[in-house]
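Hello,

Here is the structure I promised to pass on. Please open it first, then read my notes below.

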Amino acid sequence: MASVTSDHLLIERICAGDAAAWEQLIDRYEGRLLAFVASRLQDRAASEDVVQETFVGFLTSLPHFDRSRDLGTYLFSIAAHKLTDHLRKYGRRPWEAAGASDGDGRPLDELPGHARAASSIALSGERHASEDGRLADALRALIAQWAERGQFERLKCMELLFVRGWPNKEVAARVGITEQAVANYKHQTITQLRRLIRDAGVADATVVELAEGERS
Amino acid sequence: MIPVSDAELASFMEESLRPDEMARIEAALRESAPLRARLDAVRQARNRGWHSVGAIWRAHRLSCPPRAELGSFLLDALDPDRQDYVRFHTEVVGCRICLANLEDLRGRQAEQAEVTRKRRSRLFQSSVAHVPRPRGARP
């Protein structure tokens, strides 16, 4: 059944030139990508153009695509960059020099092949991505553990603290617990993170949140 | 209103905040040189190879519910704790990708409802003649 065909199998078929597989991938992802882009542009035609560029960008990057990555997450990251390019082009980011930061955070696999080989930035980027990947695996396990144990209050606190960067006071108010309880969760999690980060072979001094913790 | 955090500035660069928050920060950046300087500092930290728990969490979507679970969320079919968490993740954290998935799923459910309605209508039209007539009704 088409709906249970895995993304990886689809990609294999697309690489082998199977147009039907490409159509299936578009059917699977176009709706969510369009919703992502349109929520920002409020212009249906422009949003469809950005989504089209996203799919073309994906095909261009396909030879470099790391098959271990989640396809949906990868497509959204390309869409985000195409959207940023569009916003720059139409003057929504006047504080940025044109083209000054086109490569910011762009998936390495989406960069043209010769640029990857020529760029030492890309090489250090690959090392950085490898370390990020190891940290992500460790964090994913920790978050899954919280969810499995039903520790959703802790998960909510950590998400607001790390993902949104909110101060303890606002996190406490939003989650409906005391600031002290938030501080306790934070302290315990930072301790766990330090261990996980060392186990992942990454220097904890290079992790922004941990370095900030030492300064504060 | 909570001041814009560095994590939110990074999220802004990643296009990962809710659209209303993206617009709020975009407007603030137009007006505030200090905020633009902070945005540059966040960008430079990333370019220098620093890691960020928040950035990794967002990029790898570490707490995003699977799409099937988002579908169940729309049907209010999750355990109460999980239902509450998915609501928090989408409404409070404002995960833009999950919001896009929810909108897509809602659209697909509506399309499916329309397909179902048409199929049942066809079934009704093709079978209604076989419904027994009330006694005394004219043929």
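Two residues are in contact if their C-beta atoms, placed from the backbone, lie within 7 Å.

A word on the source: this is a predicted model, where local features need pLDDT of at least 70, side-chain atom pairs count only at pLDDT 80 or more, and totals for chains, interfaces and linings use all residues. Residues are numbered from 1 along each chain as its sequence is written, while chains are lettered from A and ligands numbered from 1 in the order in which they are written.

Chain B has seven helices and zero strands. Helices (H or I, at least four residues) and strands (E, at least two) are DSSP runs, numbered from the N terminus. The radius of gyration of chain B, taken over C-alpha atoms, is 25 Å, well over the 14 Å that the globule rule gives for 139 residues, so chain B is more spread out than a compact globule. That rule is 2.2 Å times the number of residues to the power 0.38. The C-alpha trace of chain B spans about 85 × 30 × 25 Å along its principal axes.

Now the contact between chains. Chain B gives 42 residues to it and chain A gives 44 residues. On the side of chain B that touches chain A, H7(B) supplies the largest share, eight residues. That side divides into 18 nonpolar, nine polar and 15 charged residues. Ala, Val, Leu, Ile, Met, Phe, Trp, Tyr, Cys and Pro count as nonpolar, Asp, Glu, Lys and Arg as charged, and the others, Gly among them, as polar.

Best wishes
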